[in-house]
Amino acid sequence: MTTVMPSSTSTTLVHPASEQAAEWWRTAVIYQVYPRSFADASGDGIGDLPGITSRLPHLERLGVDAVWLSPFYRSPQHDAGYDVADYRDVDPLFGTLADFDAMLADAHARGIRVIVDLVPNHTSSEHAWFRAALAAAPGSAERGRYLFRDGRGPGGDEPPNNWTSVFGGPAWTRVVEPDGTPGQWYLHLFDTTQPDLDWTNPEVHAEFESVLRFWLDRGVDGFRVDVAHGMVKAPGLPDWAGTSAMIDGAHEGETGSEDGSTGAGNRGPMWDQEGVHDIYRAWHRVLAEYDGDRCLVAEAWVEPLSRLARYVRPDEMHQAFNFSFLTTLWDAPALREVVTASLGASDAVGAPTTWVLSNHDVVRHASRLGLEVPGTKPNGIGVGDPQPDEELGLRRARAATLLMLGLPGSAYLYQGEELGLPEHTTLDDAEREDPTWWRSGHTERGRDGCRVPLPWAAGAPGYGFSPTGATWLTQPASFARYAADVQEGVEGSTVETYRAALAVRRELALGSGSLAWDESLTGPDVVAFTNRDVLVVANLGPDPVALPQGAEVVASSVAPATAGTGRLEVPAEATVWARLA
Ligand code: GLC
């Protein structure tokens with residue numbers, strides 16, 4: 001049955017348009033490139049910088065404003081490059097500094113800005129500093145760059161506190177002292193090979209300011225700051241009975257709360273400590289010395305949104321990922337609530353809101369939204385787990401993306417989502433590389449399923465990912481259907497849907513636009529708002545929703561149908577953007 005909506009409109013403005021929004025990052029659509037899985041030029045099966053350069057025309061045609069590159073620095077790759085051994089060099093897997101410079105110049109020539117990843121919470125255990133720390137004595141300056149502590153209990157056999165690693169298992173590893181005796185312990189919130197730095201040490205501050213300058217001098221437009229809420233720990237490293245997981249399982253089944261938070265958040269003594277803000281104030285000053293509105297974006301799994309907004313106060317970072325939006329279930333009231341709360345929290349500090357649905361750490365939204373409870377967020381999906389409904393998931397994912405891109409602020413896309421790529425949910429466990437899989441005692445499959453090399457050409461070996469057909473993870477056979485070349489120029493394909501939406505978003509300046517809830521269209525299954533003069537209607541329910549008389553469609557996740565009444569209708573599980581004549 002069609003829901004016929006009254007034609008009179010009543011709206012509630014929650015965010016005015018911001019015509020003075022001068023800096024590019026306030027409205028930018030930023031595309032995350034995960035270098036090892038984007039495009040491989042060398043043929044070794046692992047993506048690289050020349051591969052990225054070769055595919056920049058795809059990104060230019062797509063119409064994104066910037067790319068963010070996950071780490072490509074020297075690294076033993078125990079956590080896919082988030083374990084950095086040298087912050088000032090490119091890992092040979094990905095190419096050379098000259099390859100980076102060439103990629104940056106090409107991107108800039110195409111009007112695409114480039115943000116790089118900065119990993120300041122921890123180094124690799126192969127970083128020169130950590131090697132020196134292992135060789136030095138307890139209490140030495142070398143150990144003072146990390147969080148070395150004596151153990152508890154007889155002989156110091158127990159870890160210094162009870163913290164657990166985000167990837168599972170204890171957050172402490174004991175070292176053998178240079179004289180061969182069992183020694184101190186060091187803290188690692190992630191893998192054993194990722195020792196946490198001590199951010200109370202001025203040397204650490206000086207080093208990272210120098211790293212910032214190294215990349216700013218090369219011309220990067222900003223930094224995505226890894227684990228931005230974790231660098232400072234509570235004094236004394238007190239025991240904590242809770243979990244140290246960054247991504248809180250409490251989100252499952254919740255529909256949100258008053259403040260827009262979707263779960264318990266991370267309240268432990270390792271997260272969101274006051275001291276982190278001093279670091280970002282200092283970094284803000286460094287970036288301000290450079291021209292071109294360079295920016296910092298926080299990866300901070302912090303709730304409620306009012307806490308997250310503290311990272312983007314005027315003298316701190318510029319953006320923070322909105323994970324509250326990402327973790328909201330496919331539920332109209334919950335989505336309205338999180339959008340209102342997000343805009344309210346960021347408006348209060350004069351920062352843009354960001355929106356994000358997928359990244360390299362979560363199950364792709366085309367698969368999350370095909371789960372029995374759409375939007376729940378398992379830490380990976382394996383062959384024995386309930387499998388998502390692929391078709392429904394994709395339909396909803398496109399609707400979710402159109403909803404997201406209709407919102408004012410900045411939006412992040414994750415490579416492959418413009419192809420509608422699903423998670424690889426049947427990957428052979430023997431192939432898994434995410435340390436989560438083994439550190440959790442094989443209970444959490446982890447993130448490999450969203451990191452599978454992209455399909456560029458349906459008929460080529462490895463779907464055109466590399467010239468040899470090699471791929472570091474096996475692609476599922478279904479990737480043939482999603483390959484970029486079979487979607488190019490095909491009306492209604494996912495890539496053309498993204499391209500069209502991005503073009504309209506840019507042309508109508510929706511990024512700097514407004515948000516007013518359309519109360520007359522809103523319903524239990526409908527999210528409806530206007531941004532400037534564009535009406536965005538997301539229909540999460542099974543029945544079509546009629547658009548007002550005279551609506552002219554400017555973009556849609558699925559083409560609207562015309563009802564017997566002559567009115568256009570938003571189909572089930574679809575989003576339509578319309579202008580009213
Ligand atoms: C961030 C990254 C993730 C990495 C972790 C440790 O959450 O996004 O991929 O494993 O930090 O660096």
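Ala, Val, Leu, Ile, Met, Phe, Trp, Tyr, Cys and Pro count as nonpolar, Asp, Glu, Lys and Arg as charged, and the others, Gly among them, as polar. All views show a predicted model.

Figure 1. The shell around the ligand holds five nonpolar, three polar and seven charged residues. It comprises 15 residues, of which D79, D226, E299, H360 and D361 come nearest.

Figure 2. For H360, a polar side-chain atom is 2.9 Å from an oxygen atom of the ligand. R224 places a side-chain N or O atom 2.9 Å from a ligand oxygen. The protein buries 99% of the 310 Å² that the ligand exposes when taken alone.

**Figure 3. Packing of helix 11 with helix 15.** Helix 11 spans residues 390-405, and helix 15 spans residues 494-507. Their axes are 10 Å apart and meet at an angle of about 10°. Angles under 35 degrees count as roughly parallel, so helix 11 is roughly parallel to helix 15. Helix 11 contributes L394, R398, T401, L402 and L405 to the contact. Helix 15 contributes T494, T497, Y498, A501, L502 and R505. By class, this contact has six nonpolar, three polar and two charged residues.

**Figure 4. Packing of helix 3 with helix 5.** Helix 3 covers residues 97-109 and helix 5 covers residues 202-218. The packing angle is about 55°, with the axes 11 Å apart. Helix 3 and helix 5 are therefore oblique to each other. L97, F100, D101 and L104 of helix 3 meet F214, W215 and R218 of helix 5. The contact of helix 3 with helix 5 has five nonpolar, no polar and two charged residues.

**Figure 5. The cis peptide bond between E303 and P304.** Most peptide bonds are trans. The bond joining E303 and P304 is cis, with omega about 0°. P304 sits in the loop between strand 11 (295-298) and helix 7 (305-309).

**Figure 6. The positive phi of A80.** Most residues other than glycine have a negative phi. A80 is not a glycine, yet its phi is positive, at about 50°. A80 belongs to the loop between strand 4 (73-74) and strand 5 (86-90).

Terms used:
Residues are numbered from 1 along each chain as its sequence is written. This is a predicted model: local features need pLDDT of at least 70, side-chain atom pairs count only at pLDDT 80 or more; totals for chains, interfaces and linings use all residues. Side-chain values use heavy atoms; hydrogens and water are left out. Axes are lines fitted to C-alpha atoms, for helices over the stretch in contact, and angles run from 0 to 180 degrees between N-to-C directions. Helices (H or I, at least four residues) and strands (E, at least two) are DSSP runs, numbered from the N terminus. Angles under 35 degrees count as roughly parallel, over 145 as roughly antiparallel, 65 to 115 as roughly perpendicular and the rest as oblique. Contact means heavy atoms within 4.5 Å. A residue is near a molecule or strand if one of its heavy atoms lies within 4 Å of it. A polar contact is a pair of N or O atoms within 3.5 Å; within protein, one must be able to donate a hydrogen and the other to accept it, and residues adjacent in sequence count only if both atoms are side-chain atoms. Accessible areas come from the Shrake-Rupley method with a 1.4 Å probe; for residues, only the protein chains shown count as cover.
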